[in-house]
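Let's walk through a few features of this model together, one question at a time. Have the coordinates open as you read.

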Amino acid sequence: AMQKSTVPFPKVLLKKKLLFIVVILLVLVTLYVGLRLRQASAIHRDVLSTTPASTFTWVSIENVTALESCRNSRQGHTLYVDELGYVCRLGDILPNGCCVLDTSDTLRHDCSSCVESGCCAVYEHCVSCCLHPDKESLVISVMKHRTGTYSPLYSLVRDPFEFCMLHCRTSSRSVHHENAYKDTKLKYCYGL
């Protein structure tokens, strides 16, 4: 006759209790993670649904030569561009974030690597050139064009420096099919 495998009664209960506890813990973790994701998604939607683009204004910086502090951006290994449109070397940045002005290497509205179409070989030159006062109408028209629902990042832009940093980095003018540069040398564009 076949012998029945018998597990003592307390071991069976222990295995069932353990399985029950594991299942309950998995359900609780799943609910917690789902709730956190929904909260994060709601926060993300709230941020993207705000439209400070209506508060975007061109701030003329032409007569400003110094600020108490500057925002700046450095994408490459050697250059910075500050919010006044100055491009300087890495070692020529002041503690307040502004470029040192009394060096021959610091240039304002430096378009030296840019071509007439508005594309540049150097990111910092793109931002600097984009900040030139004669680009005001171009920047405003690009902002009007870009603040649609397909470009939520542009709705967060408040001033020309933020626009130029974003647009020089993400312009559709410089890529084919969103994954290859049209020109491997002129990757950064500030125009339409």
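**Burial, pairs and packing**

K135 has a relative accessible area of 14% and is buried (under 20% relative accessible area; exposed is over 50%, partly exposed in between, with a 1.4 Å probe and protein chains only). This is a predicted model, where local features need pLDDT of at least 70 and side-chain atom pairs pLDDT 80 or more, while totals for chains, interfaces and linings use all residues. Residues are numbered from 1 along each chain as its sequence is written, and side-chain values use heavy atoms, leaving out hydrogens and water.

Q: Leaving aside its neighbours within four places in sequence, which residues is K135 in contact with?
A: K135 sits in the loop between α2 and α3 (136-146); helices (H or I, at least four residues) and strands (E, at least two) are DSSP runs, numbered from the N terminus. Contact means heavy atoms within 4.5 Å. With neighbours within four places set aside, the contacts of K135 are W58, C129, C130 and Y190.

Q: Which residues of α2 are buried?
A: Helix α2 is largely enclosed by the rest of the structure, because 8 of its 8 residues are buried. They are Y123, E124, H125, C126, V127, S128, C129 and C130.

Q: What is the geometry of the aromatic pair formed by Y123 and Y188?
A: A search of the whole structure finds 1 aromatic pair, where rings of Phe, Tyr and Trp (its six-membered ring) pair if their centres lie within 6.5 Å. Planes under 30 degrees apart count as stacked, over 60 as edge-to-face and the rest as tilted. For Y123 and Y188, the centres are 5.7 Å apart and the planes make 70°, so by that definition the pair is edge-to-face.

Q: How are α2 and α4 oriented to each other?
A: The axes of α2 and helix α4 (residues 160-170) come within 9 Å and cross at roughly 140°; axes are lines fitted to C-alpha atoms, for helices over the stretch in contact, with angles from 0 to 180 degrees between N-to-C directions. Angles under 35 degrees count as roughly parallel, over 145 as roughly antiparallel, 65 to 115 as roughly perpendicular and the rest as oblique. Helices α2 and α4 are therefore oblique.

Q: What is the phi of H109?
A: Most residues other than glycine have a negative phi. H109 lies in the loop between β4 (107-108) and β5 (119-120) and counts as buried at 11% relative accessibility. Although H109 is not a glycine, its phi is positive, at about 50°.
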